[in-house]
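Please prepare a short briefing on the structure below.

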Amino acid sequence: MSLVVVGSIAFDSVRTPFGERERMLGGSAVHFALAASFFSDVRVVGPVGDDFGEAEYAVLHARAIDTSDVEHVPGGQTFHWRGRYEYDLNTAHTEDTQLGVFGGFEPKLSDESRAAGMLFLANIQPELQRAVRAQCDRARLVGLDSMNLWIETARDSLLQAIAEVDLVFMNDAEVRMVTEQPNLVRAARQLLGVGPRAVVAKQGEYGAALFTGDRFFSLPAYPLETVVDPTGAGDSFAGGFMGYMASRPEGAPDDEDELRRAMTYGSVLASFNVEGFGTERMERLEREDIARRYEEFRSITALAEVPSA
Ligand code: AMP
């Protein structure tokens, strides 16, 4: 099933305790698409400027990502984000944001993108997320991400957008913030009450939790000894999750087992993403690496039986 992502395409300048890089390829749509491309066809919708060239397209095309809906705005500059991380890699500190062509972004979807079976609304203005959602009226599974900026400035619109999607991917702090509920379990349940079928609360190096109906599932993060750059971890998580869901045959159920597999693929892809700066690690990733780490996840999360008395 085809999967479309709408979000930022960026150059990121990042400093972590392990080094720094200037103007790497990044953006939420890029990180999502690279992760999802290991599972299904992916189309990217987002704006770029004159500074976005062949080298950047080549990274996407090497993974067979369809860029025909990437909008080149002549005379414009691509979105640029500058951030740094302290030893606590869970918190990104934004130092500068140059919106460039992203500032006037009005998503224009081709007929192919409108017909997509699955859609991911990466972190963009909630009214734009709603407009895209309305255009993709045939999508049977729609996911959404957001950030504190929109909770602070457009909370009502964001709640409307959440009401119109199936899956919500947010940091645990954002789930608490948007619901104004300090307890994560209550907050996630409250968000489910708004409309989505599942809420995934991402918890950085502590993993991720899945809330559906009255059920709960939690996975730790893969125990990495070398985390280099956490930028894009959340988007890679969503890409692995939704990519897996899109890879299944038409009519496959979206039951609890499938969502748990998707959680595991999300965790696997996020764990690879943070092993290198920007898209470095994802560019070298192989399907076998993913399969191997999935199995490792199975073994690190297996509970021992209680011995019979
Ligand atoms: P995350 O998965 O949350 O680490 O997302 C990181 C990506 O989000 C980076 O590659 C940035 O380019 C992008 N980003 C940062 N700020 C914004 C923003 N205000 N709007 C859209 N994308 C952003």
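**Ligand shell and overall fold**

Helix H9 gives the largest share of the shell around the ligand, 3 residues. Helices (H or I, at least four residues) and strands (E, at least two) are DSSP runs, numbered from the N terminus. This is a predicted model: local features need pLDDT of at least 70, side-chain atom pairs count only at pLDDT 80 or more, and totals for chains, interfaces and linings use all residues. Residues are numbered from 1 along each chain as its sequence is written, and side-chain values use heavy atoms, with hydrogens and water left out.

**Around the ligand**

- Of the 16 residues around the ligand, those that come nearest are Ser8, Asp12, Gly27, Gly232 and Asp235; a residue is near if one of its heavy atoms lies within 4 Å of the molecule.
- A polar side-chain atom of aspartate 12 lies 2.5 Å from a ligand oxygen atom.
- For glycine 27, a backbone N or O atom lies 2.7 Å from an oxygen atom of the ligand.
- For glycine 232, a backbone N or O atom lies 2.7 Å from an oxygen atom of the ligand.

**The whole chain**

- The protein chain has 12 helices and 13 strands.
- Its radius of gyration (taken over C-alpha atoms) is 18 Å, close to the 19 Å from the globule rule (2.2 Å times the number of residues to the power 0.38) for 309 residues, so the chain is as compact as a globular protein of that length.
- Buried residues (under 20% relative accessible area, 1.4 Å probe, protein chains only) make up 56% of the 309 residues.

How values were computed. Polar contact = N/O pair within 3.5 Å; in protein donor to acceptor, adjacent residues only side chain to side chain. Buried < 20%, exposed > 50% of the residue type's maximum accessible area, 1.4 Å probe, protein only.
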